[in-house]
Every structure is written in C-alpha cells, then in structure tokens.
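Reader: I would like a close look at a single part of this model, with its surroundings. Please keep it brisk.

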Amino acid sequence: MNSTAITLQNLTLGYEHHPAVHHLSMALPSGSLVAVVGPNGAGKSTLIKALAGQLRPIEGEVHGLVHQRVAWLPQQTSVDRSFPITVQDMVLLGLWHAVGALGQFTAAHRQACHEALGAVGLHGFERRSIDTLSGGQMQRALFARLMLQDAPVVLLDEPFAAVDQRTTDDLLALLHRWHEQGRTVVAVLHDLAQVRAHFPLTLLLAREPVAWGATADVLTEANGQRALCMQEPFDEHAPVCEGTHQRPFAQAVSA
Ligand SMILES: Nc1ncnc2c1ncn2[C@@H]1O[C@H](COP(=O)(O)OP(=O)(O)OP(=O)(O)O)[C@@H](O)[C@H]1O
C-alpha cells in the first residue's frame, strides 16, 4: 500500500487558541501502522482527537478522513465506566454505522458481537455490567467494539496502558491483523521497546514534530534529546501562535 491515507498540512491544534501541537505537516500512507510517541504533554492525544474529528484545528488542515470511517479508542481514563450498560450493549455500539439511530440490532448483529467478544477472550461476558470489568477486561471489550466498527482507519490512544503482558500480546495480535487487512492504524504509545518491535513508522512529537519516518531512524538518542529540549510546559497565558513555518515532514513514507 503506497497511496496516502491522511495528509496533515501545517496543522496547529490547541485549546482556546493556545497551541498544543504546532505546524505539523506529514503524509501517512494508507494501510500503515504508525506509533505516535513523545513526552507527557507533547500533544499526542490532542493529535489523535483532531484525527478523530473531535477537535477543530486552530490552523491548517487534515485531508483524507472526510469519506473514511474512523474508529477511535480514547485513553482509558476518559471512558466513563459508571454508565449502566452491559458489555454486549457497549460492544454493539460499534455497529452504530450499520444500524443507524432508528434501527434495531438483529440476531446477526448479536452473533457478530458474540464472535468479537470471543476474539478478545471475553466469551460469557455479554451480560456483565461494564463497571464490573477489570481494566484489562474493559480494554478487551473496547477492542471488540473497534472490531465491529470495521473502520479503515483505527486510532488508539495509549491502548496498552495499565494492561498486563498477556492482554497486551493478545491486543497487539489484533492490531497486526487490522494492519494485514490494510487498515491504517495510528497508536499513541509510551513503551519504546514495543514501538520498535511492532510499529514500522513513528512520529516523535514534542508539541512540534521532532522526527517522522521509519521507526529505527526516528527513535535515536539524538531525537530523544531534541524532544526533551523542545518540550516546554503548557502556558495557558501564551499568545496565540502566529508562526507559519512548516516542519519538513510533508513527504509520504512507504508503509
Ligand atoms: N481540554 C483541554 N483544555 C486545555 N488544555 C488541554 C486540554 N487537553 C489537553 N490540554 C493541554 O494540551 C497539552 C497537550 O496535551 P495532550 O493530552 O495532547 O498530551 P499527551 O502528549 O497526550 O500527554 P500524555 O503523554 O501525558 O498523555 C498539555 O499541556 C495539556 O495540558
């Protein structure tokens, strides 16, 4: 796969005009498996939210996502577990695109849900309330929902945080299957050994793009140092960013 799935053009993102990500230009090839790494507060979740259509850019544009369905897994801390819903009902929400607001779930939909739960090792959990799940079980259930979403673009924000090794290995296997199916997968991660082992492409972000390309070329000692130097504390009194310079990541790289 070499066509471009998503192009970011001089993208600046932030909150109430205060930028959290500055001047990001890059092209993600269709079907690529991409890690987004960087220090705390580097803007990784902000970027994922923008790709998921949850945050309007302050400046610049995202191309390539308008006609593509996007499945988004937010950070686990932002998922409300107190909502009174069963595992089956939560996973079935992944079929929203197929059922619509007035549609009803059919036996075939419930069977698809059953199979997705089986694929993530949660057979028999259908009727459990989500607030009774462990953190790892909840993450497995959320991956089952992603399976039903069946989207060509999958965005994952720290999908393996607070998840044990066995669950991580199972979910990584799913992620590789999505990659083999030609989906574009973008994941925010902190475990650099995991990134080196599983992700061919990496974006290193420190509020500005530090490096983008083949993971081995990006995750160097020098780039890590640059990221630490570029990372400044978020200043909510900073002026609106007026810069127009572009970082040199506009070229596509092969998946
Ligand atoms: N809703 C918000 N309102 C105001 N500022 C925000 C909001 N969300 C994030 N920020 C700020 O934007 C900056 C980038 O945050 P973001 O969550 O994108 O970082 P991150 O790289 O994902 O960090 P971490 O690794 O700690 O999860 C931070 O300084 C953060 O405080």
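This is a predicted model: local features need pLDDT of at least 70, side-chain atom pairs count only at pLDDT 80 or more; totals for chains, interfaces and linings use all residues.

What span should the 16 residues of α6 have at 1.5 Å a residue, and how far apart are its end C-alpha atoms?

Author: At 1.5 Å a residue, the 16 residues of α6 should span 22 Å. The end C-alpha atoms of α6 are 22 Å apart, which agrees.

The buried residues of α6 are T167, L171, L175, W178 and H179. They cover an arc of only 120° around the axis, which puts them on the same side of α6. The repeat of the helix is the background here. An α-helix has 3.6 residues a turn, so residues three or four places apart point the same way. The face turned away from the buried side of α6 carries exposed residues. These are Q165, R166, D169, A173, R177 and E180. After α6 comes G182, with a positive phi near 90°.

What covers the buried residues of α6? The cover includes two strands, β3 (33–37) and β6. It also includes helix α5 and strand β7 (184–188).

Next, the domains. Eleven residues of domain 1 are in contact with nine residues of domain 2. On the side of domain 1 that touches domain 2, β6 (153–157) and α6 (165–180) each supply at least two residues. α6 gives the most to that side, with four residues. By type, the residues of that side of domain 1 divide into eight nonpolar, one polar and two charged.

F143 is found in helix α5. It has 27 C-beta neighbours inside 10 Å, so F143 counts as buried. Leaving aside neighbours within four places in sequence, F143 is in contact with V120, L171 and L174. L171 is also among the buried residues of α6. For a sense of distance, take F143 and R56. They are 87 residues apart in sequence and 26 Å apart in space, C-alpha to C-alpha.

In soluble globular proteins, nonpolar side chains tend to be buried together. The largest nonpolar core here has 70 residues. Among them, V34, V36, V91, A116, A141, A144 and L205 touch the most other members. Helix α5 (residues 135–149) gives the most to this core, with eight residues. Domain 1 and domain 2 both give residues to this core, so it lies between them. A141 has its own set of partners beyond four places in sequence. They are V87, M90, V91, L122, I130 and L133.

At 1.5 Å a residue, the 13 residues of helix α4 (residues 107–119) should span 18 Å. The end C-alpha atoms of α4 are 18 Å apart, which agrees. A112, C113, A116 and L117 are the buried residues of α4. Seen down the axis of α4, they fall within an arc of 135°, so they line one face of the helix. On the other side of α4, A107, A108, Q111 and G118 are exposed. The buried residues of α4 pack against α2 (87–92) and α5. G121 follows α4, and its phi is positive, near 75°.

L95 sits in the loop between α2 and α3 (96–99). With 22 C-beta neighbours inside 10 Å, L95 counts as buried. Beyond its neighbours within four places in sequence, L95 is in contact with F105, H109 and L148. L95 and L13 are 82 residues apart in sequence. In space, C-alpha to C-alpha, L95 and L13 are 30 Å apart.

Last, the whole chain. It has nine helices and nine strands. Buried residues make up 38% of its 255 residues. Take the contacts between residues at least 6 apart in sequence: 74% of them join residues at least 24 apart.

Notes:
Residues are numbered from 1 along each chain as its sequence is written. A nonpolar core is a set of buried Ala, Val, Leu, Ile, Met, Phe, Trp, Tyr and Cys residues joined through C-beta atoms within 7 Å. A residue is buried if 20 or more other C-beta atoms lie within 10 Å of its own, exposed if 12 or fewer, and partly exposed in between; C-beta atoms are placed from the backbone. Domain bounds come from an automatic or database domain assignment. Two residues are in contact if their C-beta atoms, placed from the backbone, lie within 7 Å. The expected span of a helix is 1.5 Å times one less than its number of residues. The arc is that of the directions from the helix axis to the C-beta atoms. Ala, Val, Leu, Ile, Met, Phe, Trp, Tyr, Cys and Pro count as nonpolar, Asp, Glu, Lys and Arg as charged, and the others, Gly among them, as polar.
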